[in-house]
Amino acid sequence: MCGIIGYIGLCPEQNLLNGLKKLEYRGYDSAGMTVRREGRFETYKEVGQVQNLAGTVVYKEEFGIGIAHTRWATHGKISIENTHPHFSVSGEVALVHNGIIENFEELKEKNKDVTYLGQTDSEVVAKMFESLSINSLRKVLKKLVGSYALALLSKEGDYLYFAKNKSPLYIAKGKECAVIASDPSCFSGLCENYYQLDDGDYGKISLKNIVIYNKNHKIVEKTPQKLDFNYLSEDKSGYEHFMIKEIYQSRLALENIIEKYSHSEMKENLSKIKNYNFDRVYLVGCGTAYHAGLIGEHYLRENINIDAYCLVASEFKDSNLLVDNNSLCIFISQSGETADSISALEYCKEKGAKIISITNVEYSTIAKMSDINLPIFAGQERAVASTKAYFAMCAVLFILSNYLKGQNYILPLKTLSHKIDFGNDISLKKLAKTLAVYKNLFFIGRGVDYVTALEASLKLKEITYIFSSALPSGELKHGSLALIDSNLPCLIIATDERQFAKTLNNASEIKSRGGKLILFTSLFVEKDVEENFDYIIKITPLPRDLMPMQIILSLQKLAYFTSLEKGNDPDKPRNLAKSVTVE
Ligand code: G6P
(Lines give C-alpha, C1' and ligand atoms only; values in the text may rest on other atoms or scores of the structure.)
Protein backbone atom coordinates (compact mmCIF):
# COMPACT_ATOMS: atom_id res chain seq x y z
CA MET A 1 0.00 0.00 0.00
CA CYS A 2 2.08 2.96 1.24
CA GLY A 3 1.33 6.65 0.84
CA ILE A 4 3.35 9.08 -1.26
CA ILE A 5 3.47 12.86 -1.43
CA GLY A 6 5.48 15.45 -3.37
CA TYR A 7 5.45 19.17 -2.60
CA ILE A 8 6.82 22.40 -4.08
CA GLY A 9 6.43 25.61 -2.08
CA LEU A 10 7.14 27.24 1.26
CA CYS A 11 7.97 25.14 4.35
CA PRO A 12 8.37 21.86 2.45
CA GLU A 13 9.33 19.75 5.48
CA GLN A 14 6.25 20.79 7.48
CA ASN A 15 3.88 20.39 4.53
CA LEU A 16 5.28 16.99 3.57
CA LEU A 17 4.88 15.85 7.16
CA ASN A 18 1.32 17.14 7.38
CA GLY A 19 0.58 15.11 4.25
CA LEU A 20 2.26 11.98 5.60
CA LYS A 21 0.11 12.15 8.74
CA LYS A 22 -3.00 12.11 6.54
CA LEU A 23 -1.62 9.19 4.55
CA GLU A 24 -0.60 7.12 7.55
CA TYR A 25 -3.73 4.98 7.22
CA ARG A 26 -2.00 3.48 4.15
CA GLY A 27 0.83 2.04 6.26
CA TYR A 28 3.07 3.00 9.17
CA ASP A 29 6.00 0.59 9.14
CA SER A 30 8.48 3.38 8.37
CA ALA A 31 8.54 6.90 6.91
CA GLY A 32 11.02 9.00 4.96
CA MET A 33 11.47 12.35 3.24
CA THR A 34 13.92 14.03 0.85
CA VAL A 35 14.01 17.82 0.39
CA ARG A 36 16.28 19.57 -2.11
CA ARG A 37 18.22 22.63 -0.98
CA GLU A 38 20.72 24.42 -3.22
CA GLY A 39 21.25 21.37 -5.39
CA ARG A 40 21.70 18.98 -2.44
CA PHE A 41 19.35 16.36 -1.04
CA GLU A 42 18.51 16.40 2.67
CA THR A 43 17.04 13.02 3.59
CA TYR A 44 15.39 11.78 6.77
CA LYS A 45 14.26 8.21 7.42
CA GLU A 46 12.80 6.56 10.52
CA VAL A 47 11.32 3.15 11.27
CA GLY A 48 7.80 3.20 12.77
CA GLN A 49 5.07 5.82 12.69
CA VAL A 50 5.30 9.26 11.06
CA GLN A 51 5.64 10.88 14.49
CA ASN A 52 9.10 9.25 14.79
CA LEU A 53 10.14 10.99 11.58
CA ALA A 54 8.58 14.27 12.74
CA GLY A 55 10.97 14.31 15.69
CA THR A 56 14.12 14.14 13.54
CA VAL A 57 13.34 16.59 10.72
CA VAL A 58 14.96 20.06 10.62
CA TYR A 59 12.09 22.34 9.59
CA LYS A 60 12.89 25.32 7.36
CA GLU A 61 10.48 28.09 6.49
CA GLU A 62 11.95 28.91 3.10
CA PHE A 63 10.87 27.66 -0.31
CA GLY A 64 11.75 24.11 -1.28
CA ILE A 65 10.85 20.97 -3.22
CA GLY A 66 10.59 17.47 -1.79
CA ILE A 67 9.01 14.01 -1.71
CA ALA A 68 7.98 11.78 1.19
CA HIS A 69 6.62 8.30 1.86
CA THR A 70 4.92 6.23 4.57
CA ARG A 71 5.46 2.49 4.13
CA TRP A 72 3.51 -0.72 4.53
CA ALA A 73 6.15 -3.36 3.91
CA THR A 74 5.56 -5.81 1.05
CA HIS A 75 9.07 -6.59 -0.24
CA GLY A 76 11.89 -6.47 2.26
CA LYS A 77 11.91 -6.18 6.02
CA ILE A 78 11.01 -3.07 7.98
CA SER A 79 14.34 -1.21 8.06
CA ILE A 80 15.98 2.11 7.24
CA GLU A 81 17.51 0.64 4.04
CA ASN A 82 14.05 -0.29 2.77
CA THR A 83 12.51 3.05 3.72
CA HIS A 84 11.78 5.42 0.82
CA PRO A 85 12.93 7.68 -0.82
CA HIS A 86 15.27 5.52 -2.88
CA PHE A 87 17.97 6.98 -5.12
CA SER A 88 19.50 6.45 -8.54
CA VAL A 89 23.05 5.09 -8.75
CA SER A 90 24.52 8.59 -9.13
CA GLY A 91 22.30 9.86 -6.33
CA GLU A 92 20.87 12.51 -8.70
CA VAL A 93 17.29 11.21 -8.69
CA ALA A 94 15.09 10.45 -5.65
CA LEU A 95 11.93 8.33 -5.88
CA VAL A 96 8.94 7.31 -3.73
CA HIS A 97 6.66 4.49 -4.82
CA ASN A 98 3.33 2.94 -3.85
CA GLY A 99 2.43 -0.37 -5.47
CA ILE A 100 4.21 -3.56 -6.50
CA ILE A 101 6.62 -3.95 -9.42
CA GLU A 102 5.99 -7.56 -10.38
CA ASN A 103 9.05 -7.97 -12.63
CA PHE A 104 11.55 -6.39 -10.25
CA GLU A 105 13.67 -9.56 -9.90
CA GLU A 106 14.01 -9.72 -13.68
CA LEU A 107 14.96 -6.02 -13.86
CA LYS A 108 17.51 -6.54 -11.11
CA GLU A 109 19.06 -9.41 -13.06
CA LYS A 110 19.50 -7.11 -16.06
CA ASN A 111 21.28 -4.51 -13.90
CA LYS A 112 23.84 -6.85 -12.36
CA ASP A 113 26.52 -4.17 -11.75
CA VAL A 114 24.29 -2.16 -9.45
CA THR A 115 24.59 -2.45 -5.68
CA TYR A 116 21.23 -2.39 -3.91
CA LEU A 117 21.05 -1.18 -0.32
CA GLY A 118 17.80 -2.96 0.53
CA GLN A 119 15.38 -5.56 -0.82
CA THR A 120 12.51 -3.44 -2.16
CA ASP A 121 11.09 -3.52 -5.66
CA SER A 122 10.98 0.30 -5.48
CA GLU A 123 14.74 0.68 -5.15
CA VAL A 124 15.15 -1.31 -8.37
CA VAL A 125 13.07 1.34 -10.18
CA ALA A 126 15.08 4.20 -8.64
CA LYS A 127 18.32 2.60 -9.82
CA MET A 128 17.01 2.50 -13.42
CA PHE A 129 17.21 6.30 -13.68
CA GLU A 130 20.38 8.08 -14.82
CA SER A 131 18.74 11.49 -15.02
CA LEU A 132 15.20 12.81 -14.73
CA SER A 133 13.16 14.03 -17.72
CA ILE A 134 9.93 13.07 -19.45
CA ASN A 135 11.97 10.90 -21.83
CA SER A 136 13.85 9.03 -19.12
CA LEU A 137 10.61 8.51 -17.18
CA ARG A 138 8.89 7.17 -20.29
CA LYS A 139 11.81 4.79 -20.94
CA VAL A 140 11.69 3.36 -17.42
CA LEU A 141 7.88 3.06 -17.31
CA LYS A 142 7.97 0.97 -20.51
CA LYS A 143 9.95 -1.68 -18.65
CA LEU A 144 7.73 -1.88 -15.56
CA VAL A 145 5.09 -4.55 -14.98
CA GLY A 146 2.84 -4.06 -11.99
CA SER A 147 1.23 -1.26 -10.04
CA TYR A 148 2.75 2.08 -9.20
CA ALA A 149 2.15 5.62 -8.07
CA LEU A 150 5.52 7.34 -8.38
CA ALA A 151 6.83 10.76 -7.40
CA LEU A 152 10.34 11.73 -8.46
CA LEU A 153 12.70 14.59 -7.82
CA SER A 154 16.15 15.41 -9.21
CA LYS A 155 18.92 17.64 -7.92
CA GLU A 156 18.07 20.31 -10.47
CA GLY A 157 15.02 21.71 -12.29
CA ASP A 158 11.70 23.17 -11.20
CA TYR A 159 9.61 20.05 -11.62
CA LEU A 160 8.40 17.05 -9.68
CA TYR A 161 7.71 14.05 -11.94
CA PHE A 162 4.93 11.51 -11.46
CA ALA A 163 3.39 8.35 -12.96
CA LYS A 164 0.37 6.20 -12.15
CA ASN A 165 -0.75 2.67 -12.88
CA LYS A 166 -3.28 0.81 -10.67
CA SER A 167 -2.32 2.75 -7.53
CA PRO A 168 -4.18 5.99 -6.76
CA LEU A 169 -2.50 9.34 -7.51
CA TYR A 170 -3.76 12.94 -7.55
CA ILE A 171 -2.12 16.28 -8.35
CA ALA A 172 -3.04 19.85 -7.46
CA LYS A 173 -1.80 23.40 -7.76
CA GLY A 174 -2.50 26.04 -5.15
CA LYS A 175 -1.65 29.76 -5.26
CA GLU A 176 1.91 29.20 -4.10
CA CYS A 177 2.41 25.46 -4.13
CA ALA A 178 2.15 22.31 -6.21
CA VAL A 179 1.36 18.90 -4.71
CA ILE A 180 1.25 15.24 -5.76
CA ALA A 181 -0.37 12.73 -3.37
CA SER A 182 -1.94 9.28 -2.96
CA ASP A 183 -5.07 10.86 -1.49
CA PRO A 184 -6.71 14.27 -2.08
CA SER A 185 -6.99 14.78 1.70
CA CYS A 186 -3.34 15.96 1.49
CA PHE A 187 -4.47 19.01 -0.50
CA SER A 188 -6.61 20.40 2.29
CA GLY A 189 -5.31 23.77 3.49
CA LEU A 190 -3.17 24.04 0.32
CA CYS A 191 -5.35 23.75 -2.81
CA GLU A 192 -9.06 23.87 -3.57
CA ASN A 193 -9.11 21.89 -6.81
CA TYR A 194 -7.26 18.78 -7.83
CA TYR A 195 -6.84 16.42 -10.78
CA GLN A 196 -7.32 12.67 -10.62
CA LEU A 197 -4.81 10.72 -12.71
CA ASP A 198 -5.82 7.68 -14.78
CA ASP A 199 -3.87 4.46 -15.27
CA GLY A 200 -1.01 5.03 -17.68
CA ASP A 201 -0.78 8.79 -16.98
CA TYR A 202 2.60 10.35 -16.30
CA GLY A 203 4.03 13.87 -16.39
CA LYS A 204 5.54 16.75 -14.43
CA ILE A 205 4.35 19.56 -12.21
CA SER A 206 5.94 22.87 -11.19
CA LEU A 207 4.65 26.04 -9.55
CA LYS A 208 3.88 27.38 -13.03
CA ASN A 209 2.36 24.46 -14.88
CA ILE A 210 1.25 20.84 -15.06
CA VAL A 211 1.97 18.58 -18.03
CA ILE A 212 0.12 15.24 -18.15
CA TYR A 213 0.61 12.55 -20.80
CA ASN A 214 -1.82 9.64 -21.12
CA LYS A 215 -0.94 6.01 -21.81
CA ASN A 216 -0.77 6.79 -25.55
CA HIS A 217 1.86 9.48 -24.83
CA LYS A 218 -0.48 12.33 -25.82
CA ILE A 219 -0.75 15.46 -23.69
CA VAL A 220 -4.16 15.50 -21.96
CA GLU A 221 -6.26 18.20 -20.29
CA LYS A 222 -8.06 16.98 -17.16
CA THR A 223 -11.16 18.41 -15.55
CA PRO A 224 -10.42 19.83 -12.11
CA GLN A 225 -12.41 18.43 -9.18
CA LYS A 226 -13.38 20.40 -6.08
CA LEU A 227 -12.04 19.24 -2.76
CA ASP A 228 -14.92 18.03 -0.58
CA PHE A 229 -14.19 19.54 2.82
CA ASN A 230 -17.33 17.95 4.31
CA TYR A 231 -15.91 14.50 3.63
CA LEU A 232 -12.55 15.15 5.33
CA SER A 233 -11.90 14.28 8.95
CA GLU A 234 -9.07 16.51 10.08
CA ASP A 235 -9.01 15.92 13.86
CA LYS A 236 -10.34 13.74 16.66
CA SER A 237 -12.86 16.43 17.77
CA GLY A 238 -12.02 15.91 21.44
CA TYR A 239 -12.13 12.10 21.36
CA GLU A 240 -9.07 10.15 22.43
CA HIS A 241 -8.92 8.19 19.17
CA PHE A 242 -10.39 8.33 15.67
CA MET A 243 -11.94 4.89 16.23
CA ILE A 244 -14.24 5.99 19.05
CA LYS A 245 -15.07 9.24 17.25
CA GLU A 246 -16.02 7.22 14.18
CA ILE A 247 -18.18 4.73 16.12
CA TYR A 248 -20.22 7.70 17.39
CA GLN A 249 -20.33 9.20 13.88
CA SER A 250 -22.47 6.23 12.79
CA ARG A 251 -25.51 8.27 13.75
CA LEU A 252 -24.37 11.15 11.55
CA ALA A 253 -23.70 8.73 8.69
CA LEU A 254 -27.22 7.35 9.11
CA GLU A 255 -28.71 10.86 9.04
CA ASN A 256 -26.76 11.64 5.85
CA ILE A 257 -27.97 8.39 4.28
CA ILE A 258 -31.61 9.10 5.19
CA GLU A 259 -31.28 12.61 3.72
CA LYS A 260 -29.51 11.59 0.49
CA TYR A 261 -31.61 8.50 -0.20
CA SER A 262 -34.82 10.51 0.23
CA HIS A 263 -33.88 12.59 -2.81
CA SER A 264 -34.21 11.97 -6.51
CA GLU A 265 -30.55 11.33 -7.42
CA MET A 266 -30.16 8.26 -5.22
CA LYS A 267 -33.74 7.14 -5.93
CA GLU A 268 -32.93 7.20 -9.66
CA ASN A 269 -29.91 4.98 -9.03
CA LEU A 270 -32.08 2.52 -7.10
CA SER A 271 -34.72 2.57 -9.80
CA LYS A 272 -32.12 1.84 -12.51
CA ILE A 273 -30.99 -1.20 -10.52
CA LYS A 274 -34.60 -2.38 -10.19
CA ASN A 275 -35.00 -2.16 -13.96
CA TYR A 276 -31.98 -4.33 -14.69
CA ASN A 277 -32.67 -7.90 -15.76
CA PHE A 278 -30.86 -10.17 -13.36
CA ASP A 279 -31.52 -13.60 -11.92
CA ARG A 280 -28.75 -13.75 -9.31
CA VAL A 281 -26.83 -11.33 -7.13
CA TYR A 282 -23.24 -11.55 -6.00
CA LEU A 283 -21.97 -9.39 -3.16
CA VAL A 284 -18.20 -9.03 -3.00
CA GLY A 285 -15.84 -7.39 -0.52
CA CYS A 286 -12.88 -7.88 1.84
CA GLY A 287 -12.64 -7.80 5.62
CA THR A 288 -15.34 -5.69 7.19
CA ALA A 289 -16.85 -4.87 3.80
CA TYR A 290 -17.26 -8.60 3.18
CA HIS A 291 -19.18 -8.91 6.45
CA ALA A 292 -21.45 -6.05 5.40
CA GLY A 293 -21.99 -8.05 2.19
CA LEU A 294 -23.08 -11.06 4.27
CA ILE A 295 -25.65 -8.86 6.01
CA GLY A 296 -26.78 -7.73 2.54
CA GLU A 297 -27.08 -11.36 1.47
CA HIS A 298 -29.50 -11.94 4.38
CA TYR A 299 -31.51 -8.82 3.48
CA LEU A 300 -31.76 -9.74 -0.20
CA ARG A 301 -32.64 -13.38 0.43
CA GLU A 302 -35.34 -12.45 2.92
CA ASN A 303 -36.79 -9.55 0.98
CA ILE A 304 -36.64 -10.53 -2.66
CA ASN A 305 -37.02 -13.99 -3.98
CA ILE A 306 -33.64 -14.17 -5.62
CA ASP A 307 -30.37 -16.06 -5.23
CA ALA A 308 -27.87 -13.82 -3.45
CA TYR A 309 -24.35 -14.99 -2.60
CA CYS A 310 -21.69 -13.07 -0.80
CA LEU A 311 -18.03 -13.93 -1.42
CA VAL A 312 -14.63 -12.77 -0.27
CA ALA A 313 -13.12 -10.79 -3.17
CA SER A 314 -9.79 -12.63 -3.25
CA GLU A 315 -11.65 -15.95 -3.74
CA PHE A 316 -14.20 -14.74 -6.24
CA LYS A 317 -12.46 -15.52 -9.53
CA ASP A 318 -11.49 -19.04 -8.44
CA SER A 319 -14.95 -20.01 -7.23
CA ASN A 320 -16.18 -20.92 -10.74
CA LEU A 321 -19.55 -19.30 -10.19
CA LEU A 322 -21.75 -18.53 -13.13
CA VAL A 323 -21.23 -14.84 -13.90
CA ASP A 324 -22.87 -13.46 -17.04
CA ASN A 325 -25.09 -10.61 -18.21
CA ASN A 326 -27.88 -11.86 -15.95
CA SER A 327 -25.72 -11.32 -12.88
CA LEU A 328 -25.84 -8.26 -10.67
CA CYS A 329 -22.50 -7.88 -8.91
CA ILE A 330 -22.37 -5.59 -5.89
CA PHE A 331 -18.89 -4.50 -4.81
CA ILE A 332 -18.66 -3.20 -1.27
CA SER A 333 -15.60 -1.20 -0.24
CA GLN A 334 -15.01 1.66 2.17
CA SER A 335 -11.97 2.98 0.30
CA GLY A 336 -13.00 1.85 -3.18
CA GLU A 337 -9.32 1.07 -3.79
CA THR A 338 -8.94 -2.49 -2.47
CA ALA A 339 -6.93 -4.47 -5.04
CA ASP A 340 -8.65 -7.83 -4.42
CA SER A 341 -12.07 -6.22 -4.99
CA ILE A 342 -10.89 -4.35 -8.09
CA SER A 343 -9.54 -7.56 -9.59
CA ALA A 344 -12.85 -9.41 -8.97
CA LEU A 345 -14.73 -6.42 -10.40
CA GLU A 346 -12.66 -6.49 -13.62
CA TYR A 347 -13.49 -10.20 -13.95
CA CYS A 348 -17.25 -9.59 -13.54
CA LYS A 349 -17.12 -6.72 -16.03
CA GLU A 350 -15.47 -8.97 -18.62
CA LYS A 351 -18.28 -11.49 -18.15
CA GLY A 352 -20.84 -8.80 -18.94
CA ALA A 353 -22.35 -8.52 -15.44
CA LYS A 354 -23.97 -5.30 -14.19
CA ILE A 355 -21.70 -3.68 -11.64
CA ILE A 356 -23.01 -1.84 -8.59
CA SER A 357 -20.67 -0.41 -6.00
CA ILE A 358 -21.27 0.60 -2.41
CA THR A 359 -18.36 2.83 -1.38
CA ASN A 360 -17.44 5.67 0.94
CA VAL A 361 -15.22 7.43 -1.62
CA GLU A 362 -17.16 8.64 -4.62
CA TYR A 363 -14.08 9.35 -6.75
CA SER A 364 -12.51 5.96 -5.99
CA THR A 365 -11.49 3.38 -8.60
CA ILE A 366 -14.32 0.97 -7.68
CA ALA A 367 -16.95 3.74 -7.75
CA LYS A 368 -15.69 4.90 -11.15
CA MET A 369 -15.55 1.39 -12.62
CA SER A 370 -19.12 0.53 -11.69
CA ASP A 371 -22.33 1.13 -13.65
CA ILE A 372 -23.99 2.59 -10.57
CA ASN A 373 -22.45 3.72 -7.30
CA LEU A 374 -24.48 3.82 -4.09
CA PRO A 375 -22.40 6.00 -1.74
CA ILE A 376 -22.55 5.42 2.00
CA PHE A 377 -21.99 9.10 2.94
CA ALA A 378 -20.08 8.20 6.12
CA GLY A 379 -17.35 10.84 5.75
CA GLN A 380 -13.66 10.02 5.90
CA GLU A 381 -12.73 7.09 8.13
CA ARG A 382 -9.25 7.42 9.65
CA ALA A 383 -8.96 4.51 12.12
CA VAL A 384 -7.73 1.33 10.46
CA ALA A 385 -10.54 -0.72 12.01
CA SER A 386 -13.64 0.15 10.02
CA THR A 387 -16.68 1.03 12.16
CA LYS A 388 -19.03 3.73 10.87
CA ALA A 389 -18.42 2.52 7.31
CA TYR A 390 -19.66 -0.99 8.25
CA PHE A 391 -22.74 0.51 9.87
CA ALA A 392 -23.40 2.70 6.82
CA MET A 393 -22.78 -0.14 4.32
CA CYS A 394 -25.42 -2.21 6.15
CA ALA A 395 -27.81 0.76 6.02
CA VAL A 396 -27.37 1.16 2.24
CA LEU A 397 -27.85 -2.60 1.71
CA PHE A 398 -30.99 -2.35 3.85
CA ILE A 399 -32.21 0.45 1.56
CA LEU A 400 -31.41 -1.49 -1.60
CA SER A 401 -33.22 -4.67 -0.51
CA ASN A 402 -36.24 -2.73 0.74
CA TYR A 403 -36.40 -0.69 -2.46
CA LEU A 404 -36.25 -3.83 -4.60
CA LYS A 405 -39.12 -5.26 -2.57
CA GLY A 406 -41.10 -2.04 -2.92
CA GLN A 407 -40.99 -1.33 0.81
CA ASN A 408 -40.45 1.94 2.63
CA TYR A 409 -36.90 2.22 3.92
CA ILE A 410 -36.88 5.75 5.35
CA LEU A 411 -39.21 5.13 8.29
CA PRO A 412 -37.35 2.12 9.72
CA LEU A 413 -34.02 3.94 9.38
CA LYS A 414 -35.50 6.96 11.18
CA THR A 415 -36.55 4.60 13.98
CA LEU A 416 -33.00 3.30 14.16
CA SER A 417 -31.68 6.85 14.31
CA HIS A 418 -34.04 7.73 17.21
CA LYS A 419 -33.38 4.56 19.17
CA ILE A 420 -29.72 4.08 18.34
CA ASP A 421 -27.90 2.42 21.24
CA PHE A 422 -24.14 2.94 21.70
CA GLY A 423 -24.12 0.68 24.77
CA ASN A 424 -23.41 1.32 28.40
CA ASP A 425 -19.79 2.41 28.82
CA ILE A 426 -19.52 1.23 32.43
CA SER A 427 -20.63 -2.34 31.61
CA LEU A 428 -18.58 -2.49 28.41
CA LYS A 429 -15.42 -1.23 30.14
CA LYS A 430 -15.89 -3.76 32.96
CA LEU A 431 -16.26 -6.56 30.44
CA ALA A 432 -13.24 -5.27 28.46
CA LYS A 433 -11.12 -5.46 31.62
CA THR A 434 -12.14 -9.10 32.07
CA LEU A 435 -11.56 -10.07 28.44
CA ALA A 436 -8.15 -8.37 28.18
CA VAL A 437 -6.51 -11.14 30.24
CA TYR A 438 -7.66 -13.97 27.96
CA LYS A 439 -5.70 -15.27 25.00
CA ASN A 440 -8.62 -16.79 23.07
CA LEU A 441 -12.31 -16.13 22.63
CA PHE A 442 -15.27 -17.58 20.74
CA PHE A 443 -18.07 -15.49 19.23
CA ILE A 444 -21.21 -17.41 18.35
CA GLY A 445 -24.59 -16.57 16.85
CA ARG A 446 -27.28 -17.97 14.56
CA GLY A 447 -28.45 -16.62 11.20
CA VAL A 448 -27.69 -12.94 10.84
CA ASP A 449 -26.26 -12.92 14.39
CA TYR A 450 -23.54 -15.25 13.12
CA VAL A 451 -22.52 -12.51 10.65
CA THR A 452 -22.41 -10.02 13.53
CA ALA A 453 -20.24 -12.56 15.39
CA LEU A 454 -17.83 -12.61 12.44
CA GLU A 455 -17.51 -8.82 12.37
CA ALA A 456 -17.25 -8.53 16.18
CA SER A 457 -14.53 -11.18 16.17
CA LEU A 458 -12.59 -9.42 13.40
CA LYS A 459 -12.77 -6.09 15.23
CA LEU A 460 -11.44 -7.69 18.42
CA LYS A 461 -8.59 -9.48 16.60
CA GLU A 462 -7.55 -6.38 14.66
CA ILE A 463 -6.99 -4.10 17.62
CA THR A 464 -6.48 -6.34 20.69
CA TYR A 465 -4.42 -9.18 19.10
CA ILE A 466 -6.53 -11.67 21.11
CA PHE A 467 -7.20 -14.72 18.99
CA SER A 468 -10.90 -15.14 18.36
CA SER A 469 -13.02 -17.31 16.18
CA ALA A 470 -16.64 -16.79 15.14
CA LEU A 471 -18.89 -19.80 14.71
CA PRO A 472 -22.53 -20.49 14.00
CA SER A 473 -23.93 -21.49 17.44
CA GLY A 474 -25.12 -24.85 16.15
CA GLU A 475 -21.70 -25.68 14.72
CA LEU A 476 -19.79 -25.45 18.00
CA LYS A 477 -20.68 -29.00 19.04
CA HIS A 478 -19.24 -30.35 15.76
CA GLY A 479 -15.64 -29.99 16.82
CA SER A 480 -14.73 -26.66 18.40
CA LEU A 481 -16.51 -27.52 21.68
CA ALA A 482 -13.40 -29.60 22.42
CA LEU A 483 -11.57 -26.33 23.15
CA ILE A 484 -14.00 -25.09 25.79
CA ASP A 485 -12.67 -24.75 29.32
CA SER A 486 -12.47 -22.00 31.92
CA ASN A 487 -9.77 -20.23 29.88
CA LEU A 488 -11.90 -19.78 26.78
CA PRO A 489 -14.82 -17.37 27.15
CA CYS A 490 -17.65 -17.52 24.69
CA LEU A 491 -19.55 -14.40 23.61
CA ILE A 492 -23.06 -15.13 22.36
CA ILE A 493 -24.97 -12.74 20.12
CA ALA A 494 -28.75 -13.13 20.11
CA THR A 495 -31.18 -10.71 18.48
CA ASP A 496 -33.53 -13.09 16.68
CA GLU A 497 -36.43 -14.42 18.77
CA ARG A 498 -36.91 -17.32 16.34
CA GLN A 499 -33.48 -18.74 17.16
CA PHE A 500 -33.24 -17.86 20.84
CA ALA A 501 -34.31 -21.18 22.41
CA LYS A 502 -31.73 -23.10 20.36
CA THR A 503 -29.01 -20.58 21.16
CA LEU A 504 -29.75 -20.94 24.88
CA ASN A 505 -29.36 -24.72 24.51
CA ASN A 506 -25.94 -24.13 22.96
CA ALA A 507 -25.10 -21.83 25.87
CA SER A 508 -25.95 -24.65 28.34
CA GLU A 509 -23.66 -27.01 26.44
CA ILE A 510 -20.82 -24.52 26.99
CA LYS A 511 -21.73 -23.84 30.62
CA SER A 512 -21.77 -27.51 31.56
CA ARG A 513 -18.17 -27.77 30.28
CA GLY A 514 -16.96 -24.95 32.50
CA GLY A 515 -16.88 -22.22 29.85
CA LYS A 516 -17.38 -18.53 30.71
CA LEU A 517 -20.49 -17.11 29.05
CA ILE A 518 -21.18 -13.56 27.87
CA LEU A 519 -24.46 -12.61 26.26
CA PHE A 520 -25.12 -9.61 24.00
CA THR A 521 -28.85 -9.51 23.42
CA SER A 522 -31.86 -7.37 22.64
CA LEU A 523 -34.25 -10.17 23.70
CA PHE A 524 -36.04 -10.73 26.99
CA VAL A 525 -34.09 -13.13 29.22
CA GLU A 526 -35.84 -15.04 32.02
CA LYS A 527 -34.33 -14.65 35.51
CA ASP A 528 -33.32 -18.32 35.81
CA VAL A 529 -31.66 -18.19 32.38
CA GLU A 530 -29.79 -15.00 33.30
CA GLU A 531 -28.03 -16.92 36.05
CA ASN A 532 -26.23 -19.06 33.46
CA PHE A 533 -24.31 -16.06 32.17
CA ASP A 534 -21.25 -14.36 33.64
CA TYR A 535 -22.09 -11.13 31.80
CA ILE A 536 -25.18 -9.90 30.02
CA ILE A 537 -25.07 -6.78 27.86
CA LYS A 538 -28.59 -5.61 26.99
CA ILE A 539 -29.16 -3.71 23.76
CA THR A 540 -32.26 -1.63 22.98
CA PRO A 541 -34.52 -3.82 20.81
CA LEU A 542 -35.59 -2.82 17.31
CA PRO A 543 -37.24 -4.70 14.43
CA ARG A 544 -35.09 -7.70 13.46
CA ASP A 545 -33.67 -6.25 10.21
CA LEU A 546 -32.26 -3.25 12.04
CA MET A 547 -30.53 -5.22 14.77
CA PRO A 548 -27.25 -5.94 12.89
CA MET A 549 -26.65 -2.17 12.83
CA GLN A 550 -27.86 -1.60 16.38
CA ILE A 551 -25.85 -4.33 18.11
CA ILE A 552 -22.54 -3.90 16.31
CA LEU A 553 -21.97 -0.48 17.94
CA SER A 554 -21.54 -2.02 21.44
CA LEU A 555 -19.37 -4.80 20.06
CA GLN A 556 -17.12 -2.27 18.30
CA LYS A 557 -16.83 -0.37 21.57
CA LEU A 558 -16.03 -3.57 23.44
CA ALA A 559 -13.10 -4.16 21.05
CA TYR A 560 -12.03 -0.53 21.49
CA PHE A 561 -12.07 -0.65 25.32
CA THR A 562 -10.28 -4.03 25.34
CA SER A 563 -7.59 -2.60 23.07
CA LEU A 564 -7.09 0.29 25.52
CA GLU A 565 -6.94 -2.19 28.44
CA LYS A 566 -4.10 -3.95 26.61
CA GLY A 567 -2.26 -0.66 26.08
CA ASN A 568 -2.57 -0.80 22.28
CA ASP A 569 -3.12 2.06 19.84
CA PRO A 570 -6.58 1.16 18.48
CA ASP A 571 -6.21 3.55 15.53
CA LYS A 572 -3.04 1.93 14.21
CA PRO A 573 -3.00 -1.83 14.85
CA ARG A 574 0.26 -3.60 14.14
CA ASN A 575 0.88 -5.12 10.68
CA LEU A 576 -2.29 -3.66 9.15
CA ALA A 577 -3.19 -0.81 6.85
CA LYS A 578 -6.53 0.72 6.05
CA SER A 579 -6.36 0.68 2.30
CA VAL A 580 -4.92 -2.53 0.87
CA THR A 581 -3.95 -1.84 -2.73
CA VAL A 582 -2.02 -5.07 -3.34
CA GLU A 583 -3.49 -8.52 -4.12
C1 G6P B 1 -8.24 -3.82 5.02
C2 G6P B 1 -8.66 -3.09 6.26
C3 G6P B 1 -10.03 -3.56 6.72
C4 G6P B 1 -11.03 -3.40 5.59
C5 G6P B 1 -10.57 -4.12 4.32
C6 G6P B 1 -11.41 -3.78 3.13
O7 G6P B 1 -8.00 -5.14 5.29
O8 G6P B 1 -7.71 -3.29 7.28
O9 G6P B 1 -10.45 -2.78 7.81
O10 G6P B 1 -12.27 -3.90 5.98
O11 G6P B 1 -9.23 -3.70 4.01
O12 G6P B 1 -11.26 -2.42 2.82
P13 G6P B 1 -12.29 -1.62 1.93
O14 G6P B 1 -11.70 -0.26 1.79
O15 G6P B 1 -12.36 -2.35 0.61
O16 G6P B 1 -13.60 -1.63 2.62
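Let's start with a contact between side chains: Arg544 and Asp496 meet in a salt bridge, 3.9 Å from N to O (a side-chain nitrogen of Lys or Arg within 4 Å of a carboxyl oxygen of Asp or Glu). The pair ties together distant parts of the chain, 48 residues apart: Arg544 sits in the loop between strand S24 (535-538) and helix H19 (547-565), Asp496 in the loop between strand S22 (490-494) and helix H17 (497-511). Helices (H or I, at least four residues) and strands (E, at least two) are DSSP runs, numbered from the N terminus. Asp496 is buried at 7% relative accessible area, while Arg544 is partly exposed at 32% (buried is under 20%, exposed over 50%, partly exposed in between, with a 1.4 Å probe and protein chains only).

A word on the model: it is predicted, so local features need pLDDT of at least 70 and side-chain atom pairs pLDDT 80 or more, whereas totals for chains, interfaces and linings use all residues. Residues are numbered from 1 along each chain as its sequence is written, and side-chain values use heavy atoms, leaving out hydrogens and water.

Back to the charges: the structure holds 28 salt bridges. Shared partners join Glu13, Arg37, Arg40, Glu42, Lys60 and Glu62 into one network. Glu123 pairs with Lys127, closest N and O atoms 3.1 Å apart, and both residues are buried. Glu109 bridges to Lys112 at 3.2 Å between the closest N and O atoms, and here Lys112 is exposed, at 63%.

Finally, have a look at helix H16 (residues 448-464), where 14 of the 17 residues are buried. Just after H16, Tyr465 takes a positive phi of about 65 degrees.
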